[in-house]
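Dear colleague,

Please find below a structure that I am handing over to you.

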Amino acid sequence: MTIIELKNKFIATKQYEPIDANELLDFARQLYLRNELPLGVYRHLVRDLEALGAYKPDDERIKQYSGSAE
């Protein structure tokens, strides 16, 4: 599955366009957790979406902006 195919599936499911790559990343994660995407396809999509600027909520960039030092 390509990012374009993922975006088209998102639009068909949610009835609106994704706001950004993070929203597509969340959608891909949901599909994977529901066993609608194989692991290899999920990993490929994650890599491509991260290249477009998407990031996971537990990413270091979130910790940077939270102001908390660990």
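Predicted model: local features only at pLDDT ≥ 70, side-chain atom pairs only at ≥ 80, totals over all residues.

In which helix is N22 found? N22 belongs to helix α2.

**N22**

N22 has a relative accessibility of 18% and therefore counts as buried, the cut-off being under 20%. Leaving aside residues up to four places away in sequence, N22 touches G53, A54 and Y55. Between N22 and V46 there are 24 residues in sequence, and their C-alpha atoms are 9.9 Å apart in space.

**The chain as a whole**

The protein chain has 4 helices and 0 strands, so that its elements read α-α-α-α from the N terminus on. Of its 70 residues, 24% are buried. Where contacts in the chain join residues at least 6 apart in sequence, 39% of them are between residues at least 24 apart.

**Helix α2**

Helix α2 covers residues 21-33. The 13 residues of α2 span 18 Å from the first C-alpha to the last, which is close to the 18 Å expected at 1.5 Å a residue. The buried residues in α2 are A21, N22, E23, L24, L25, F27, A28 and L31. Against which helices do the buried residues of α2 pack? They pack against α1, which is formed by residues 3-14, and against α3.

**Helix α2 with helix α3**

Helix α3 is made up of residues 39-51. The axes of α2 and α3 lie 10 Å apart, and the two helices pack at an angle of about 170°. Angles over 145 degrees count as roughly antiparallel, and α2 and α3 are therefore roughly antiparallel to each other. On the α2 side, the contact is made by A21, L24, L25, A28, R29 and Y32. On the α3 side, L39, Y42, L45, V46 and L49 take part. By class, this contact has 10 nonpolar residues, 1 charged residue and no polar ones.

**Helix α1 with helix α2**

How do α1 and α2 lie to each other, and at what angle do their axes cross? Their axes come within 10 Å and cross at roughly 80°. The two helices are therefore roughly perpendicular to each other. In α1, the residues that meet α2 are I3, L6, K7, K9, F10, T13 and K14. Their counterparts in α2 are E23, L24, F27, A28, Q30 and L31. The contact of α1 with α2 has 7 nonpolar, 2 polar and 4 charged residues.

**Two loop residues**

Most residues other than glycine have a negative phi. Q15, which is not a glycine, has a positive phi of about 65°. Q15 is located in the loop between α1 and α2. With a relative accessible area of 63%, Q15 is exposed.

Where does N35 lie, and is it buried or exposed? N35 is placed in the loop between α2 and α3, and at 70% relative accessibility it counts as exposed. The phi of N35 is also positive, near 60°, in a residue other than glycine.

Yours sincerely

Definitions and conventions: Residues numbered from 1 in each chain as written. Heavy atoms only, no water. Buried < 20%, exposed > 50% of the residue type's maximum accessible area, 1.4 Å probe, protein only. Contact = heavy atoms within 4.5 Å. Axes fitted to C-alpha atoms, helices over the stretch in contact; angles between N-to-C directions. Parallel < 35°, antiparallel > 145°, perpendicular 65-115°, else oblique. Nonpolar A, V, L, I, M, F, W, Y, C, P; charged D, E, K, R; others polar. Expected span 1.5 Å × (residues − 1).
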